Each structure stands twice: as C-alpha cells, then as structure tokens.
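Subject: Structure handover

Hello,

Here is the structure I promised to pass on. Please open it first, then read my notes below.

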Amino acid sequence: MDMSELIQFYHMDKLERYGEIYAAAFSGVPWNDPWKTEDAIIHVREVLESKQAYGLEYVIDNKVVGILFGTSMLFHFGRVFEINDLAVDPSYQGRGIASKLLKYCQADMKKRGIKGLHLITSAGGSLPEFYGKHGFKKEAEVILMGMEMS
C-alpha cells in the first residue's frame with residue numbers, strides 16, 4: 001500500500017458507502033444477485049450491530065473501496081471468526097484489495113487468539129481458488145471453508 005491507501009476499522013457513519021460497495025460487488029460476477037443499495041445497507045448494519053462484529057475498510061485517496069465484515073462466536077475449542085462479507089467496488093477490483101483485506105484480517109485474528117476463520121462462498125468461478133490461496137479449505141460436502149489459526 002502506498003501513502004494514499006490504508007486499511008482501518010469500520011465506522012458506522014459510513015454505512016451508506018458500505019452498502020453501495022456491497023450492492024455493486026454482489027450484483028456482479030460470480031454472484032449476479034440483484035442487490036438494491038438500500039437493502040445492502042440494512043444487511044451491513046445488521047452484521048455490524050452484532051455484539052461480536054468486526055469490520056475493515058480499504059481506503060484509497062480518502063474513498064472506501066473495499067470492505068470485510070464478520071462476527072466471532074465461541075465454541076468449546078475456542079473462538080471462531082466468520083467472514084460474512086468481503087467486497088470490493090467493481091471499479092477497483094483486480095488490484096489485490098480483497099487479498100490485502102483478507103491478509104490483514106488473518107493477522108489480526110491470529111493476534112486476538114481466534115482459533116479459526118470460516119466463510120461461505122460460491123462453489124463456482126474463481127472464489128474457491130482465491131480463498132484456497134489464502135489457506136482456506138473446503139470442508140466435507142459443503143462449501144463452508146475454514147482455516148486454522150494455530
């Protein structure tokens with residue numbers, strides 16, 4: 001990242017921008033889901049209002065262009081973090097922003113003592129390969145993917 005790029009924690013006053021990014025990203029390939037921005041804002045708010053919410057934003061020249069949101073949950077073996085959303089504004093895709101957000105999250109979760117990361121993704125397209133490059137593995141017969149943080 002150069003001087004005009006940074007990763008920082010989310011701010012609730014940016015919900016509208018987060019919703020715009022979410023709707024644009026998930027309305028495109030590979031999801032092609034017909035998201036409306038107002039619904040995406042509600043979705044993001046619901047994730048971030050969770051007691052165990054965690055979120056990152058990727059900023060270029062003071063503009064949020066990528067987001068990563070999720071929540072953690074305690075299990076008998078320790079706390080696990082689930083990535084609910086990882087999205088990049090389509091006009092900024094292909095620049096490694098999603099990878100940078102994911103790597104930052106992984107390092108932060110490790111520091112926090114999180115035992116594993118999980119996510120659900122599309123079975124088709126390039127996403128399983130993308131997440132595989134970052135240490136995630138397909139679990140059994142579902143597309144839920146996880147990664148140990150030992």
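A crossing of two helices is called right-handed if the near helix is turned clockwise from the far one by less than a right angle. Keep that in mind for the helix pair below. One caution before the findings: this is a predicted model.

**Overall fold**

The protein has four helices and seven strands. Along the sequence they follow the order β-α-α-β-β-β-α-β-α-β-β. The C-alpha atoms fill a box of roughly 40 × 30 × 30 Å along the principal axes. The radius of gyration is 15 Å, which agrees with the value near 15 Å for a compact globule because the protein has 150 residues. Of those 150 residues, 43% count as buried. Now the contacts with a separation of 6 or more: 60% of them join residues 24 or more positions apart.

**The H1–H2 pair**

How do H1 and H2 pack, and at what angle? Helix H1 covers residues 15–26, and helix H2 covers residues 37–48. They pack at about 115 degrees, with their axes 8 Å apart. H1 is therefore roughly perpendicular to H2. H1 passes H2 in a right-handed crossing.

From H1, the contact is made by Leu15, Glu16, Tyr18, Gly19, Glu20, Tyr22 and Ala23. From H2, it is made by Thr37, Ala40, Ile41, His43, Val44, Arg45 and Leu48. By type, the residues of this contact divide into eight nonpolar, three polar and three charged.

Alanine 23 deserves a look here. Alanine 23 lies in helix H1. Its relative accessible area is 5%, so alanine 23 is buried. Leaving aside neighbours within four places in sequence, alanine 23 is in contact with Trp35, Lys36, Thr37 and Ala40. Thr37 and Ala40 are also among the H2 residues listed for the helix contact.

Next, a pair of residues that touch each other. Leucine 102 is found in helix H3, residues 97–111. Is leucine 102 buried or exposed? Leucine 102 is buried, because its relative accessible area is 0%. Not counting residues up to four places away in sequence, leucine 102 touches Leu68, Ile83, Phe130, Tyr131, His134 and Phe136. For a distance back to another part of the chain, take isoleucine 21. The C-alpha atoms of leucine 102 and isoleucine 21 are separated by 16 Å, and the two residues are 81 residues apart along the chain.

Histidine 134 sits in the loop between helix H4 (127–133) and strand E6 (137–138). At 12% relative accessible area, histidine 134 is buried too. The cut-off for buried is under 20%. Beyond its neighbours within four places in sequence, histidine 134 is in contact with Ser99, Leu102, Lys103, Gln106 and Met147. Histidine 134 and alanine 23 are 24 Å apart, C-alpha to C-alpha, and 111 residues apart in sequence.

**Phenylalanine 81**

Where does phenylalanine 81 lie? Phenylalanine 81 is in strand E4, residues 78–88. Its relative accessibility is 1%, so phenylalanine 81 counts as buried. Its contact list, not counting residues up to four places away in sequence, takes in Tyr54, Leu68, Phe69, Gly70, Thr71, Ser72, Cys105, Met109, Ile114, Gly116, Leu117 and His118. Leu68 is also one of the residues that leucine 102 touches. Tyrosine 54 and phenylalanine 81 are 27 residues apart in sequence and 9.0 Å apart in space, C-alpha to C-alpha.

Two loop residues are worth checking in your viewer.

- Asparagine 32 is in the loop between H1 and H2. Its phi is near 55 degrees, a positive value in a residue other than glycine. Asparagine 32 is partly exposed, with a relative accessible area of 48%.
- Aspartate 61 is in the loop between strand E2 (53–60) and strand E3 (63–75). Its phi is near 50 degrees, again positive in a residue other than glycine. At 54% relative accessibility, aspartate 61 counts as exposed.

Best wishes

Notes:
Residues are numbered from 1 along each chain as its sequence is written. This is a predicted model: local features need pLDDT of at least 70, side-chain atom pairs count only at pLDDT 80 or more; totals for chains, interfaces and linings use all residues. Side-chain values use heavy atoms; hydrogens and water are left out. Axes are lines fitted to C-alpha atoms, for helices over the stretch in contact, and angles run from 0 to 180 degrees between N-to-C directions. Angles under 35 degrees count as roughly parallel, over 145 as roughly antiparallel, 65 to 115 as roughly perpendicular and the rest as oblique. Contact means heavy atoms within 4.5 Å. Ala, Val, Leu, Ile, Met, Phe, Trp, Tyr, Cys and Pro count as nonpolar, Asp, Glu, Lys and Arg as charged, and the others, Gly among them, as polar. The radius of gyration is taken over C-alpha atoms; the globule rule is 2.2 Å times the number of residues to the power 0.38. Buried means under 20% relative accessible area, exposed over 50%, partly exposed in between (1.4 Å probe, protein chains only).
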